[in-house]
Amino acid sequence: MADHWAVVPAAGIGSRMGAGLPKQYLPLAGRAVLAHSLQRLLSQPRVAGAVLALAADDPWWPALDFRSDKPLLTVTGGASRARSVLAALERLAGQRPPDTPVLVHDAVRPLLHGDDVARLCEAPLDADGCLLATPVTDTVKRIDAEGRVLETVPRDGLWAVQTPQRFRLGQLRQALTDALAAGVEPTDEAQAMERAGYRPRLVRGRRDNLKLTVPQDVPLAECLLAAQEREA
């Protein structure tokens with residue numbers, strides 16, 4: 001049953017990694033990163049459609065000519081991730097009830113696996129919501145302003161957060177509205193929900209759900225994509 005809607009903030013992402021294109025439009029195995037990310041979401045049976053938040057002056061999206069047999073709405077996003085997500089939720093709130101489950105996904109995570117989406121959508125969706133994450137496996141150090149180690153941080157209980165993050169439309173909309181009104185810019189949706197008193201549940205995801213952040217992530221993503229295709 002297609003009962004979820006996806007939200008993809010593609011405005012306010014920031015650095016172009018030294019390229020002439022924003023990260024979400026960089027080529028990856030012959031397609032734009034954003035096209036991969038959207039296709040991975042919209043191909044899932046539980047996803048009914050998506051809302052894409054774009055920069056007001058985005059000239060690249062029309063040229064992408066992305067096609068889907070599911071509804072794909074666009075809105076003008078904001079200067080930050082939180083403001084872009086909120087703009088998408090406001091658009092969706094005019095069409096869907098407040099208890100609609102929404103999946104917020106990074107525009108620059110093009111390797112999302114269908115099994116992860118299925119597992120996330122099957123997790124109990126109480127008031128707190130849930131999100132994909134992986135346990136931290138590297139040793140973690142805290143440093144000072146000069147880059148010198150202050151301490152080694154115990155990694156027990158530390159998880160690296162991924163997307164999608166899954167919440168009820170009305171609750172996430174209110175949490176983001178309240179945070180922004182208080183001058184807080186959440187770095188992800190879970191932070192806004194935590195601020196509102198919720199305790200989101202972590203759902204273990206695959207480690208190859210890579211977010212493109214630095215230039216060397218692109219060839220790595222191509223290798224991981226090829227490995228996923230062989231796996232399929």
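**Ground rules.** I am working with a predicted model, where local features need pLDDT of at least 70, side-chain atom pairs count only at pLDDT 80 or more, and totals for chains, interfaces and linings use all residues. Residues are numbered from 1 along each chain as its sequence is written, and side-chain values use heavy atoms, without hydrogens and water.

**The sheet.** I looked up the strand order and found E5-E4-E1-E6-E10-E7-E11, an open sheet of seven strands with mixed pairing. Strands here are DSSP runs of E with at least two residues, and helices are runs of H or I with at least four; two strands pair if DSSP finds at least two bridges between them. E5 and E11 (201-204) are the edge strands, each pairing on one side only. I then checked E4 (residues 47-54), which pairs with E5 in the parallel sense over five bridges.

**Helix H1.** I find H1 lying across E1, E4, E5 and E10. Nine of the ten residues of H1 (33-42) are buried, meaning under 20% relative accessible area with a 1.4 Å probe, protein chains only. Among them are His36 and Arg40.

**Lys70.** What does the side chain of a buried lysine without a salt bridge reach? Lys70 sits in the loop between H2 (60-64) and E5 (72-76), and its nearest side chain of opposite charge, Asp69, is 5.9 Å away. A salt bridge would need a Lys or Arg side-chain nitrogen within 4 Å of an Asp or Glu carboxyl oxygen. I see the Lys70 side chain reaching the backbone oxygen of Gln44 at 2.7 Å, and that of Val47 at 2.7 Å.

Methods: Buried means under 20% relative accessible area, exposed over 50%, partly exposed in between (1.4 Å probe, protein chains only). Lys and Arg count as positive and Asp and Glu as negative; His and the chain ends are not counted. A polar contact is a pair of N or O atoms within 3.5 Å; within protein, one must be able to donate a hydrogen and the other to accept it, and residues adjacent in sequence count only if both atoms are side-chain atoms. Contact means heavy atoms within 4.5 Å. Axes are lines fitted to C-alpha atoms, for helices over the stretch in contact, and angles run from 0 to 180 degrees between N-to-C directions.
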